[in-house]
Amino acid sequence: MKKSEIQPHRVRKNNQSNSQQSSPLREGTKSSGTHPHRKGTSAKILLHAADGRNRRNASRKGRRSHRILRNTKLYKQGYNRGYEDGVLQGQNSFGIVFEGVSIIIPTYNQRDYVLQCVSSIEKHTPAPYEIIVVDNASQDGTADALLRKGGMVRVAALEKNRGFAGGVNQGLMMAKGRHIVVLNNDTLVTPGWLENMMTCLNSDPQIGVVGPVTNYIGGDQQIEVPYREVEDMWSFAANQNRPDPEKHRLTDRLVGFCWLFSRDLFERAGYLDEGYAVGNFEDDDWIVRVRMLGYRLAVAGDAFIHHFGSVSMKALGEQDFNTVNKGNEQFYSQKWGDPQALIAETSRLAQTLHLDPQTRSQANVSSLAAKGDLRQRAAGSSSVNSPATSPLRRSSDFYPEGAFLVDLKGDVYVLRSGQRRKLNIPVPRGISPVLVAKPDLLGIPAGEPLVSAGDIRNGSFEPDFPLAVIPPDPGVVPTDLSIVSVADTPEVWYLVTEGKRRKFVSIYAAERWGISSRHVHQISTEQLHSIPEGWPIIAPPQLLNKDL
């Protein structure tokens, strides 16, 4: 081929290349070339191609968005079904217990301590058990750390700090075990701790609460220890925890850093009083009620646990700690007066009432039948007046006749002759029913509902008398169904009802039931002593958690 024949082709190629380089799609501006239609057509084709790609991309994105929306919808539907099924299963299993132990640990801003505590339980506690950690709105990631840990731990993360009593109560509400342990977060349990405490609890049907011994606590549960470092504690604990019933002993007080008790006792004693701020004295308060019910306390000397020592309370600082402690002590004294004298008085009264078969409720008889004859189980006791022969009681036995009680659903009941009778008419004007937790209410036998105003008339001379009582029969002394006192001790008030005088353990207790000084009538000492004694009247615990 000749060179002249090649050259034009090369020129044409160059011209085509120049034409492409000057394309408006590459330059981004319109061209005024000699072939506008050709260039316009070329641009139009390219634009249509780009538009097609956009439509295809948009279509793919639309399909992807549709899939995401559909999957999100399906996920939400599945989540809702799972949640609803879970709620239904929870409702169906409410009240069903397992033959194990629920270990309740309230905590606040002590993540490392509570993680150590949980690990020691997992290592040194035989199944079956569950651990319930109630986090009082910690700011140190306690709840998240426990949730990541998993295992046998259930976590209740509260939105505010409800203190020791509120945390324990939340755990008691959640507990499923036949037995319950309340445990401080700054403890380490050791091999054999729970088995030996359980042996102590089961050794006498009247023992209600068992506590261990430890290196750091108030009262007689503290023992001398040879170690200074935690690493050296384990060998000491192994020797201390050799099973030995000779190390089991009765006591008058158990500190709430570690308690073991049965579900039956909890249902009789009820929740801790949340009127105590942060911590301290709420455990003493609960123990007073337990002893008034007729239970004994025991220390298992062959169950040792290590206690770092009031870590959460120390975190308050000395000034705040002293303020909290002093306030709680004043509340405790205001509520109980002399609790030891009250316990002794109740025990004496129980021995007297035990001789009268009419004073035994059906629930107490059933309980004794289930637990065995206490007279036969009490070592060295041959007298019918022994404390071991007195039937066990419930907190509601110490509530006043005619009291208006309300549960969380708003249902109102009147306590009458040992029964809870639902009020199916409006609450009388001026009456403020007292909130009572579900265990307390369920422990009171149900009676016939009250359906007319005549059913709740009272025999008081005051129009705003806060208790609903049956009017006295003709001929009954006018002091019956009244609040009375005598001149010598005007600060001691009594409710005279069902032929007995029942002493309010304190002015605070009377005020919790709506009684004030204007309801009190004075009578002579002779009149008062002519009326037989009945159970004293105590204040119900304050409950600040609306879920109890």
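This is a predicted model: local features need pLDDT of at least 70, side-chain atom pairs count only at pLDDT 80 or more; totals for chains, interfaces and linings use all residues.
The mean pLDDT of the protein chain is 81. Of its residues, 75% reach 70 or more. Two stretches fall below these values. Over residues 1-50 the pLDDT stays under 50, and the model has 15 contacts beyond four places in sequence for this stretch. Residues 357-389 also have a pLDDT below 50, with 47 contacts in the model beyond near neighbours in sequence.

An open sheet is formed by four strands in the order β12-β11-β10-β13, with mixed pairing. Its edges are β12, at residues 419-422, and β13, at residues 434-435, each of which pairs on one side only. Between β10, which spans residues 404-406, and β13 the pairing is parallel and runs over two bridges. Within this pair, L405 has V434 of β13 as its bridge partner.

Strand β14 covers residues 483-486 and strand β15 covers residues 489-497; the two are joined antiparallel over three bridges. They make a hairpin in which two residues lie between the strands. V484 has Y494 of β15 as its bridge partner. On the next side of the chain, β15 pairs with β16, residues 500-503, again in the antiparallel sense, over four bridges. Here Y494 stands opposite K503 in β16.

Two helices were examined for burial. Helix α7, residues 193-201, is largely enclosed by the rest of the structure, because seven of its nine residues are buried. The buried residues of α7 are W193, L194, N196, M197, M198, C200 and L201. For C200 the relative accessible area is 1%. In helix α8, which runs over residues 233-240, the buried residues include M233, F236, A237 and Q240. These residues lie on the same side of α8, because they cover an arc of only 100° around the axis. Among the elements that cover the buried residues of α8 are β5 (187-188), β6 (207-214) and β9 (296-307).

The count of salt bridges comes to 17. One of them joins the side chains of D285 and K335, with an N to O distance of 2.9 Å. This pair connects distant parts of the chain: D285 belongs to helix α10, residues 282-292, and K335 to helix α12, residues 318-336, the two residues being 50 residues apart. Both D285 and K335 are buried. Salt bridges with shared partners join D273, D285, R289 and K335 into one network.

A second salt bridge is made by the side chains of K438 and D407, at 3.7 Å from N to O. It too links distant parts of the chain, with K438 in helix α16, residues 438-442, and D407 in the loop between β10 and β11 (412-416), 31 residues apart. K409 counts as exposed, because its relative accessibility is 66%.

The structure holds zero disulfides. A disulfide is a covalent bond between the sulfur atoms of two cysteines. In the case of C117, the closest cysteine sulfur is that of C258, and a bond is excluded because the distance of 9.2 Å is too far. C117 is also buried, with a relative accessible area of 0%.

How values were computed:
Residues are numbered from 1 along each chain as its sequence is written. Side-chain values use heavy atoms; hydrogens and water are left out. Two strands pair if DSSP finds at least two bridges between them. pLDDT is the predictor's confidence in each residue, from 0 to 100. Contact means heavy atoms within 4.5 Å. A disulfide is a pair of cysteine sulfur atoms within 2.5 Å. Buried means under 20% relative accessible area, exposed over 50%, partly exposed in between (1.4 Å probe, protein chains only). A salt bridge is a side-chain nitrogen of Lys or Arg within 4 Å of a carboxyl oxygen of Asp or Glu. The arc is that of the directions from the helix axis to the C-beta atoms.
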